[in-house]
Amino acid sequence: MAFPQTPLDVRTELRISGTWTDVTGHVYHREPITIERGMKDEGTRVDPSRCSLVLNNRDGRYSPRNPLSPYYGLIGRNTPIRVSVQGPESYLQLDGTPTSYARTPDAAALDITGDLDLRVEATANWTAASQALLGKWISATNQRSYLLRLENGSLILNWSPGGTTSQIAFGALPALPRRAALRATLDVNNGAGGHTIRMYWAESLTGPWTDFTGPIVGVGTTSIYASTAPLEISPIAATGITPLSGRVHRAEVRSGLGGTLVAAPDVRALTENTTSWADFAGRTWTLGAGATISDREYRFTGEVSSWPARWDVSGADVWVPIEAAGVTRRMGQGKKALDSTLRRRIPSAAGLLAYWPMEDGDAATQAYSPVAGVLPLSLTGADWAAEDTLGGSAALPKLKNPSTMLARVPRAATAGWQVEFVYHLPTLPATQTELIRIAVTGAAMASVVVYASTAGIRIEAHNAEGDLVAGATYAAATALAAFTGAWNRLAIYSGDAGGGTTRLQATWRDVSSNVRYYASASGTTGQGRITSISGTWGAGTTDMAIGHLAVFSTPGTGVLGSPPTTAIFEGADDGFAGESAITRMVRLTTEESAQTTLTTIDGDTSQLSQAMGPQRPDTLLALLEEAAATDGGILYEDRDSLALTYRDRATRYNQPVALALAYSAPGEVPPPLEPTEDDQRLRNDATVIRRGGSSGRAVLEEGPLSVQPPPAGVGPYDEAVTLSLHTDAQTQPIAEWRVHLGTWDEARYPTITVWLHAAPHLIDQVLSMDIGDRIQISNPPPWLPPGLIDQHMHGYTEILGLYEWSLAMNCAPAGPWTVGVVEDPVLGRADTDGCVLTADISASFTAVAVTSSPGPRWIDSASYPAMFPFDVTVGGEVMRVTACTGTGLTQTLTVTRSINGIAKTHAAGTPIKLTHPMRAAL
């Protein structure tokens, strides 16, 4: 017997000394486990997840300060906790570490040298940077055969004809569900003197398969090396490639295209914690320490922030009411802002000798260095923290007349160097003016100086006596124009040009346009080592902003016009302006992996994530939330781990139904089911402001939810939001999209409840659901609005008891997320711009006269027979148009009535519209 005839298999675990410890036996069931995730009703942002339960503490083991507790010193603030139920099947859980694999030894059947067919069904982050899926591949010992892997949203097939070198084919993945199957085939001899690769995806390993690349044809026939490497799920010995982090359900290796099955690991029916098994093809598989077979579906993973002891008056009953929270609670508690992107990135550079961010406060007299052993930089006569317009920096100092600077540089181990900094010079001085002076030892030159004037940018090298030993001026008009009036980076570097000649180069680069210009001088000076950097400034450099002075022991190549060797400033100088919201989230969580990790659920690659403005100093959580707000997706906490998930906006468009309910089915839709016609989400006037830029505004001028006063509309409901956007052009479409969402004229169902103890057949659907998924309820009662109830789940409260399991889901209409698809028979149709009934019709009329004004008219069935039928809505009744006659603005539609269960009379002049009109996505 199964739930609800038997108690629900709920498991509670604490992570103690690095191991998940089952504490289910100590959970009191007098109060059910309650879990809250996602967005609350009427909420505008996702709150930290919460889980409440009660632990029996009669023996004091859950009192962290009790020396007699077996967990003394092992539990306390932020002890990880997770709650799970038994799922419908098992899976192979992989943690992405070097011991995270399933392996079967090499065998003759696996040494495929001809056509190859690899297949994997998994639940994974399909856009991860680099993850190995399946293969026989050991790089270090040149035992390479074949390898299927993921990299940055692409599926990659590697194979090696000789075991040493690698051939490669790849294809960009389409939008995939969280669980999907991938397949790659290699035809080593396509009969036309070449070889062909194809790549497919499907919802499961049973297909049907969709070819998402078409034939990838390579020159010449090929073959596959019969290596001695074992076959592995999540191969661990492929150099530079990380093992998979996620779930694998089954896999196949076939010799030939759709050919003989030589390996078929399928873990779905295995017992939890199985460590070895034989597959259908006779292969014996074993697991690494980082891999497990599990059948648990996690409903909550979080941290216990406190352990409050409670007891009754007799002292016989002692308990601890646990209130655990998701990772965002900790991330939002007392975190300091992340440093500027330049300050964060430059210290990671190889060869860094010294670095002074110069982001010190307005009362500073010197600039500290984050590099150990480097003395502070002295800067006098400057306005500190006076210029805050560089995207990749906090406020920097501006020079006055006069100002001086001196920075001591530790001795490098080898000759050769690079100096780089950011600056903003308002105008070029009329006369030659020193910008920076670099003191050098161990060479024929003692100093290198860069000058600027309207006559040109000049670089000079002087010996110890002050004599010029090398020098040149660059005076191209475009280069001089680019030197001032914008934030630039100036790099000065030495290089061995061969034949005893040293080349000195100064290159400046606008941080926005990224166009480089060069001034170069050469001589037999030697490169030497930097000892200090200084500046003596006057009227010509007044109001020049300067900062992020860095010195590297990395000389250039010595080739004229070659860029500096160290490129650590790239991207960080403008705060990574222009990167997509998803790219920013992935980069941030990669850089701050100690705080959290991120899984992204990406939509169709044709729907690009919004480009962002510069990343300014803020907390990690605030920066992630800023990216989600810019893109319009949902950032929420993962259920399986202390991590975050980002569901991008495009995944909400036209998504399939995750939970299909029938109001008439027993237990599927218990009360309350109460539609709400309120104005909580109503916005008919939206202004979107680009931070630091312009704005766009959209207003709904006509219609029942327009800004017109009642009864023509509802009056103005305005909003103004400031977003991090890359260009001003983004503001208008986002404003229009926000008005589209805010004026969707449909009832909202704040709460949809499911009782799984009354409808256990829904358990599998509910377990596969997550934040943002789509719910539909069919056959609503006549007192509710007609047609399907179609909603997105934004959050839920879950109750887990011994014989009770329920979810109360917070929802909002899914309708506004139904968008146009070119050439789709339903979503690819454009609506008319004004069409009404020509005459009254009864509840049974099937020949309906209509007049379009101003047009366009409806398509006629004689000219477009393949485009019929389609649905229209008239006065709340949905009719199916099976034919249309007439080629003018007055036409007759042949219809089937009452598609949505509504049949009534309609008066002449009643508007008629497509039920599913094409709507442009953002």
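Modeller: Before we start: two strands pair here if DSSP finds at least two bridges between them. And keep in mind that this is a predicted model.

Colleague: Fine. In which sense do β11 and β12 pair?

Modeller: Strand β12 covers residues 167-172. The cut-off is at least two bridges, and β11 and β12 have six. One of the facing pairs puts L157 opposite A169 in β12. The sense of the pairing is antiparallel.

Colleague: How many residues of β11 are buried?

Modeller: Buried means under 20% relative accessible area. S154, I156 and N158 point one way from β11, while L155, L157 and W159 point the other way, and all are buried. β11 spans residues 154-159 and is largely enclosed by the rest of the structure, because the buried count is six of six.

Colleague: Zooming out, which are the edge strands of the eight-strand sheet?

Modeller: The eight strands form an open sheet, ordered β12-β11-β10-β9-β17-β7-β21-β20, with antiparallel pairing. Each edge strand pairs on one side only, and those are β12 and β20 (276-278).

Colleague: By how many degrees are neighbouring strands of that sheet turned against each other on average?

Modeller: This is for the sheet running from β12 to β20. With direction ignored, the average between neighbouring strands is 15 degrees.

Colleague: What stands opposite T104 in that sheet's β17?

Modeller: β7 (residues 102-104) pairs with β17 (residues 231-233) over three bridges, in the antiparallel sense. T104 belongs to β7, and opposite T104 in β17 stands L231.

Colleague: Now the three-strand sheet: why is one side of β39 and of β40 left without a neighbour?

Modeller: The order in this open sheet is β39-β41-β40, and the pairing is mixed. β39 (598-601) and β40 (634-637) stand at the edges, so each has a single partner strand. From one strand to the next, the twist averages 20 degrees. As for your question, the sides lack a neighbour because β39 and β40 are edge strands with a single partner strand each.

Colleague: What angle does α4 make with β39?

Modeller: Helix α4 (residues 581-591) packs on the sheet and touches β39 and β41. The angles run from 0 to 180 degrees between N-to-C directions. For α4 and β39 the value is about 165 degrees.

Colleague: Last one, on the whole protein: what percentage of the residues counts as buried?

Modeller: The protein has seven helices and 55 strands, and the C-alpha trace spans about 105 × 85 × 70 Å along its principal axes. Of the contacts with a separation of 6 or more, 66% involve residues 24 or more positions apart. The accessible surface is about 37,200 Å², with 53% belonging to carbon and sulfur atoms. Of the 922 residues, the buried share is 53%.

Note on methods
Residues are numbered from 1 along each chain as its sequence is written. This is a predicted model: local features need pLDDT of at least 70, side-chain atom pairs count only at pLDDT 80 or more; totals for chains, interfaces and linings use all residues. Side-chain values use heavy atoms; hydrogens and water are left out. Helices (H or I, at least four residues) and strands (E, at least two) are DSSP runs, numbered from the N terminus. Contact means heavy atoms within 4.5 Å. Buried means under 20% relative accessible area, exposed over 50%, partly exposed in between (1.4 Å probe, protein chains only). Accessible areas come from the Shrake-Rupley method with a 1.4 Å probe; for residues, only the protein chains shown count as cover.
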